[in-house]
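User: I would like to learn how to read a chain contact, an overall fold and a helix crossing. Could we work through a case?

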Amino acid sequence: MLRNRKKDLLIICGIALAAGLLPLGVAEFYRYMVVLVSIYGIAALGLNIFMGYCGQINMGSAGFFCIGAYLPTMLQVKYNVHYLIGFPVGVVFAVLVAWLLSYPLLRLKGHAMAIGTLSFGMAVFLIAERFPNLTGGADGITVPPMTLFGGDAGDKVYYYLILVCFLAAYLICYFLMESRIGRALKAIRDDEDAASALGIDVDYYKRFAWLINSAFMAVAGSLFAQQAGFLSPSTFALWTSISILVMICVGGLGTNLGAVVGAAIMTLLPYLLVSIQEYIMLVQGLILFCILRFMPDGIVGTLPQLWSRLRRGKEPAAAPKAEAAS
Amino acid sequence: MNNILADIVPILIVGLSLGSLFGLVGLAYTVIINATQLVNFGQGEFAMVAVAVCWASLTKLGLPLYVAFPLAILAGALMGYLTNAAIVTPLLKRDVHPFYPILGTMSVGTIAAGTVGIFTGFYWMPIEHFFGNEPLQLAGVPMDSQGVLIILATVAIVTGYWYLLHKTRLGLALRATGFNREVSLLAGIQVSKMASLSFVISGMIAAVAGVLCAPFSAFTATDGLILGINGFIALIVGGWGNPYAAVLGGVLVGLIRAVIVGYISSAHAELGTFVVLMVVLTIKPQGLFSGFMMPKTMNSRT
């Protein structure tokens, strides 16, 4: 266990180092890709804690994403508050909203929770769209660039800010899920009644996962606002919640790596398909369909199985057959 | 005072027809819930596909409405059958996260929306009013003929579904499947066929709702989702797993929406709907009319 952890941490550090050195050597386009994957990676990691580990349903995560994006921007536009102050304020505000919402929403189960969270996400979107003097309305709003020491902060500062946030998010998820809290969340996912019988405070841990989810979403939203440079309410419609949900399912529910892999695949896909813009919706649907139908454990859950099956050769080929039959 | 009364009758009629529409979609959800306890997140797209088929056969093939409408219903039924056969049944056989079958229906919906979008370029698919644009005059009150048609169709479909569910052997089998899958299997009911049938019926109801709605507000390939969400809200406000409560919930949501549009502003209508939903979820999560016309065992929420 400990040795495994050492190896994991070494790999994480290696990737972080590689990403940190990236701006020196490669074209701006690749840096942009890393930024996008990191933003959606943070969002997917947050949702994964609530859905993958805790086993609940959240279809309104774009609501927190929206709060995190709009609040620092509006503070900066209206009251000239610096982005680095507005950023934590936005996150704290999103967590506060999540805490208030947790009382009506976390009592619900299954489908009622799905529609409850979905309606929250839609409500935030509608507020962003229909109240122009609060948010700039449907026309959107331009995000002023971040300043540092009186001058423009520039792309590189921003790149490292995102990288640090992403790394912190990943490490938080990594250590959290190995700890007592992570085990409690998994117990709740597997059987709520049994977990409660074991003395796990189900409500407390559910609320904890929900707040972490909203905080990560808000962080991703704030970073997104700076990256995009322009906010329009339609960015935060239902489709954003669903696409983040699709990310964690494609990568594999309940694995941190899966959330990041899923985010990478679903974010980079549109850039591979940029010549056939109209097909994106169909392709996303097809990917989700195929993943659910043929590898329900997601990419991270299935590939190691396939790999070990290949390495063992033909002999244990009976095992998967038996699995399919049962 | 007289003015307010003169205003309120058309508003109520618009609300009633809009509400019937939401109720129909809610009913379509409930048909599947009753047999399988699953929510079909592709429901709105069933309606959208039906509208697309109807629009294509009317404008591209030049077929008359009485051919195009049944074709659209057939398309809805086919969508329902395919959704069940392609992803819901295979996923139910495996031991996966309970949310996966629902995501599966969503993926079918997305594929449908993407495919229709490619053919139509995500443009409007307008269908003309069935009986012309002239409003009906009833006791001096002008009414949209399409709205009246929706209300009548809803009444007819709910009555038909009630008859099927409570007066036929098939309905008994459907109800038994929803009540307890294992016991129904023991009693010799073909449970998987019942699930498939419920998807087909649900697709047909959604198709009727979609085609009747299309003259009101033209659909694009991505608009199915909005109709689906409104129908789902109707079902949650009304009552989980109770077809009549879903229709009543739809009517209530539609009326509230029409009153907001009529007296406050059309910009806040959707927000109002979501506020109503949140309030209902907070004070009465099982739905406002959950016991209406149903024995207690049928609307157990799992």
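User: How many residues does the contact take from chain A and from chain B?

Analyst: The size of an interface is often given as the accessible area lost when the parts come together. Here it is given as residues: in this predicted model, the contact takes 28 from chain A and 35 from chain B. On the side of chain A that touches chain B, helices H5 (110-130), H11 (238-251) and H13 (280-294) each supply at least two residues. H5(A) has the largest share, ten residues. By type, that side of chain A divides into 19 nonpolar, six polar and three charged residues.

User: What does the secondary structure of chain A come to, and why is chain A called as compact as a globular protein of its length?

Analyst: Chain A has 15 helices and four strands. Its radius of gyration is 20 Å, close to the 20 Å from the globule rule for 326 residues, so chain A is as compact as a globular protein of that length. Buried residues are 42% of the 326 in chain A. Of the contacts in chain A between residues at least 6 apart in sequence, 75% join residues at least 24 apart.

User: At what angle do the axes of H9(B) and H10(B) cross?

Analyst: Helix H9 (residues 224-238) and helix H10 (residues 243-263) of chain B have axes that come within 7 Å and cross at roughly 110°. Angles of 65 to 115 degrees count as roughly perpendicular, which makes H9(B) roughly perpendicular to H10(B). Their crossing is right-handed. The residues of this contact divide into nine nonpolar, three polar and no charged. Among them, Ile233(B) and Leu235(B) belong to H9(B), and Leu248(B) and Val253(B) to H10(B).

Methods: Residues numbered from 1 in each chain as written. Chains lettered and ligands numbered in written order. Predicted model: local features only at pLDDT ≥ 70, side-chain atom pairs only at ≥ 80, totals over all residues. Axes fitted to C-alpha atoms, helices over the stretch in contact; angles between N-to-C directions. Parallel < 35°, antiparallel > 145°, perpendicular 65-115°, else oblique. Left-handed = near helix turned anticlockwise from the far one by under 90°. Contact = placed C-beta atoms within 7 Å. Nonpolar A, V, L, I, M, F, W, Y, C, P; charged D, E, K, R; others polar. Rg over C-alpha atoms; globule rule 2.2 N^0.38 Å. Buried ≥ 20, exposed ≤ 12 C-beta atoms within 10 Å, placed from the backbone.
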